[in-house]
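These are my notebook entries on one structure, written down in the order in which I looked things up.

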Amino acid sequence: MVIVAPSILSADFTKLGDEIRAVTDAGAEWLHIDVMDGHFVPNITIGPIVVENIRKKTSLFLDCHLMIEHPEKYVDAFVKAGADLITIHQETAPDSLPIIKHIKESGCKAGISINPETPFETIRNIIPEVDLVLIMSVHPGFSGQKFIPEVIPKLKEAAEMIKKTKKQIYLQIDGGINDQNADLVKKNGADVLVAASFIFKGKDYSKAIKQLKEA
Ligand code: DX5
Ligand code: ZN
C-alpha cells in the first residue's frame, strides 16, 4: 500500500491545527511540509518555527521538503524542530553526500530530490545513501500546478536503481498528483504520493486520500 503525504501548502493556514487533525482522521500517515526560500524557488513559505509548532500537535511523520539554497545551513534547525525526514534538492547541493550523512547522523531520515528538468544521472550515485528519492512532477514553488508526464521515465529509472540497492528506500512523487494519475505513478514505482490541492481543495479529505491509495 502506498503512503499518502498531504502537503499543507494548500491547507487553510488560519486553522492549521484543525486541518492537520482532519487529514489525520482521514487516514494520512505523513505530513508533507514545503519549505521555500524565495531564491531556489519563486515563493516563500514555512520555516522551522512552524515545524516545531506542528510537532507539538501531531505524531504524524513530518516530511520536510527543503526547496532552499544552502540547505546545509538549515538542516540542524529542522532536525531540532522535530522533522522525521529532511529532503534536500540536488540542484542546491551538488556535493550532497556530506549533508545527507549529517542529516542521518542527527537521527533523521534523509531524502534527495530533483526538479523535472534535472537529469536522473545527477542523483544516481547518492541513491544508496538516502532513505527517500523525490522526483518532482511540477516546477517547485506552488501547489495547484499541472502534472508533468515527461518525468515518468525518470521515476522508472529511480525505481530500478532503488531495487538494485536492495535497501528500503522510498520513492516519492510530488506535484499535480490526483486520482487521474495516481495509478500511473504507482505503476512506475512511486510509493509515497504527495498531494496538496487534490486533498485540501476538496471537501472530503478521506475520499481524496482513499482515491489516491486505491487508484
Ligand atoms: C511544490 C511543492 C509540492 C506542492 C504540491 O513546490 O513541493 O509539494 O505542495 O502541490 P499539488 O499537489 O497541488 O501539486
Ligand atoms: Zn513538496
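**Entry 1: the metal site**

I began with the spacing of the residues that donate atoms to the zinc ion (ligand 2), and along the sequence they follow the pattern H-x1-D-x30-H-x108-D. I note here that the model is a predicted one, and that I read every value below with this in mind. Within that pattern, Asp-34 in strand 2 (residues 30-36) and His-65 in strand 3 (residues 61-67) form a pair that links distant parts of the chain, the two being 31 residues apart. I then asked myself which atoms coordinate the zinc ion (ligand 2). They are NE2 of His-32, OD of Asp-34, ND1 of His-65 and OD of Asp-174, at 2.0 to 2.3 Å. Next I looked up the angles: the 6 donor atoms around the zinc ion (ligand 2) subtend 72 to 170°, and therefore the arrangement is octahedral. Are Asp-34 and His-65 buried or exposed? I found that both of them are buried.

**Entry 2: a buried threonine**

I moved on to Thr-87, which I located in strand 4 (residues 85-89). Its relative accessible area is 0%, so Thr-87 is buried. Leaving out residues up to four places away in sequence, I listed what Thr-87 touches, and among the residues on that list are Asp-63, Cys-64, His-65 and Leu-66, as well as Gly-111, Ile-112 and Ser-113.

**Entry 3: the cysteines**

Before counting, I reminded myself that a disulfide is a covalent bond between the sulfur atoms of two cysteines. How many disulfides does the count come to? By the rule I used, which asks for a pair of cysteine sulfur atoms within 2.5 Å, the count comes to 0. Cys-64 is in no disulfide, and the nearest cysteine sulfur to it, that of Cys-108, is 7.6 Å away. Cys-108 is likewise in no disulfide, its nearest cysteine sulfur being that of Cys-64.

**Entry 4: two positive phi angles**

His-70 has a phi of about 50° and sits in the loop between strand 3 and helix 3 (75-81). Its relative accessibility is 42%, so His-70 counts as partly exposed. For Lys-166 the phi is near 60°, and this residue lies in the loop between helix 6 (152-165) and strand 7 (170-174). Lys-166 counts as exposed because its relative accessibility is 78%.

**Entry 5: the whole chain**

Last, I stepped back to the protein chain, which has 9 helices and 8 strands. Its C-alpha trace spans about 40 × 35 × 30 Å along the principal axes. Why does the radius of gyration agree with a compact globule? With 215 residues, such a globule would have a value near 17 Å, and the protein chain has 16 Å. Buried residues make up 55% of the 215 residues. Of the contacts between residues at least 6 apart in sequence, 63% join residues at least 24 apart. Finally, I noted that the protein chain exposes about 9800 Å², with carbon and sulfur atoms supplying 52% of this area.

Notes
Residues numbered from 1 in each chain as written. Chains lettered and ligands numbered in written order. Predicted model: local features only at pLDDT ≥ 70, side-chain atom pairs only at ≥ 80, totals over all residues. Heavy atoms only, no water. Donors = N, O, S within 2.8 Å, 3.2 Å for Na, K, Ca; no water. Tetrahedral: all angles 85-135°; square planar, octahedral: opposite > 155°, others 65-115°. Helix = DSSP H or I, 4+ residues; strand = E, 2+ residues; numbered from the N terminus. Buried < 20%, exposed > 50% of the residue type's maximum accessible area, 1.4 Å probe, protein only. Rg over C-alpha atoms; globule rule 2.2 N^0.38 Å. Contact = heavy atoms within 4.5 Å. Areas by Shrake-Rupley, 256 points an atom, 1.4 Å probe, with all protein chains shown as cover.
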